[in-house]
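Let's walk through this model together, one chain at a time. Have the sequence and the 3D view open as you read.

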Amino acid sequence: MATVTHELHPEQAQFLSTAFPQYVKNLGTNFPVSGLAYDAASDEAAFWKFRATSYGSGNLTLTILWYADTASTNNVVWEAQLACITPDTDTQDVETDGLATLNFVQDTHLGTTGQRVHTCAITISNLDSIAANDIVWLRIARDANSTSATDDLAGDCVLLMAVLSYSDT
Amino acid sequence: MAVLSDADRQQIWADFMASAGPLLESLFGMSKVDIRAAVNAADQWIDDNASSFNAAIPQPARGAMTAKQKARLLVWVVERRWRIQ
């Protein structure tokens with residue numbers, strides 16, 4: 001039994017025509033810090049695509065690494081949704097396929113330093129019938145309008161990267 | 001003039017947060033609710049004190065300038081006083 005992981009980087013993200021986070025590259029003192037800046041006032045989403053190589057069973061875990069652009073307190077809410085298609089088996093039109101119901105996590109800024117890096121995890125239990133070797137689209141959004149839970153963190157939240165993991169058995 | 005619409009206040013709230021950042025001031029310690037309350041209060045204060053500001057402008061400027069010109073004058077003075085450009 002092993003855990004399969006997929007690293008999801010901001011540079012790989014795709015977007016719809018509206019309501020997407022801005023790709024940012026902040027030049028730090030010693031290295032560049034790239035990410036996706038999710039707005040505080042309106043929901044924004046980014047998408048990644050991967051193959052569910054060696055998927056076995058069970059829920060997926062999406063670990064999100066983020067930092068606050070300007071805040072040092074309060075809560076951010078991250079959401080995740082899947083769309084899975086089994087090639088040669090599923091017959092739906094890929095361009096009109098829907099997403100499964102979202103799962104979410106609320107994470108609290110730990111204070112002390114505004115731009116410290118935080119991590120949190122979403123247990124994705126709405127799996128859209130994922131099977132091994134499916135092609136999968138993953139939507140990661142910020143719930144800025146607090147639909148799923150209260151997101152009261154002021155200013156942008158920058159997603160540094162995300163890691164999706166699951167069991168191969 | 002009445003206070004701004006909810007949509008206008010919402011846009012100011014969003015723009016204010018979007019414009020903040022490391023190069024400007026942080027929003028440390030405030031929630032989105034706190035900032036929205038500040039937007040509402042600032043708009044309400046302007047509405048409540050518009051007549052007072054108008055009365056403070058001496059003649060003949062008070063009578064000669066349009067409301068928009070007076071508003072623009074106030075923006076210029078506020079920007080200069082707090083160096084917020």
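Here is a short tour of chain A and then of a helix pair in chain B.

This is a predicted model, in which local features need pLDDT of at least 70 and side-chain atom pairs count only at pLDDT 80 or more, while totals for chains, interfaces and linings use all residues. Residues are numbered from 1 along each chain as its sequence is written, and chains are lettered from A and ligands numbered from 1 in the order in which they are written.

Chain A has zero helices and ten strands (DSSP runs: H or I of at least four residues for helices, E of at least two for strands, numbered from the N terminus). Its C-alpha atoms fill a box of roughly 50 × 35 × 30 Å along the principal axes.

Now turn to chain B, where helix 1 (residues 6-19) and helix 2 (residues 32-56) pack at about 125°, their axes 9 Å apart (axes are lines fitted to C-alpha atoms over the stretch in contact, and angles run from 0 to 180 degrees between N-to-C directions). That makes helix 1 of chain B oblique to helix 2 of chain B (angles under 35 degrees count as roughly parallel, over 145 as roughly antiparallel, 65 to 115 as roughly perpendicular and the rest as oblique).
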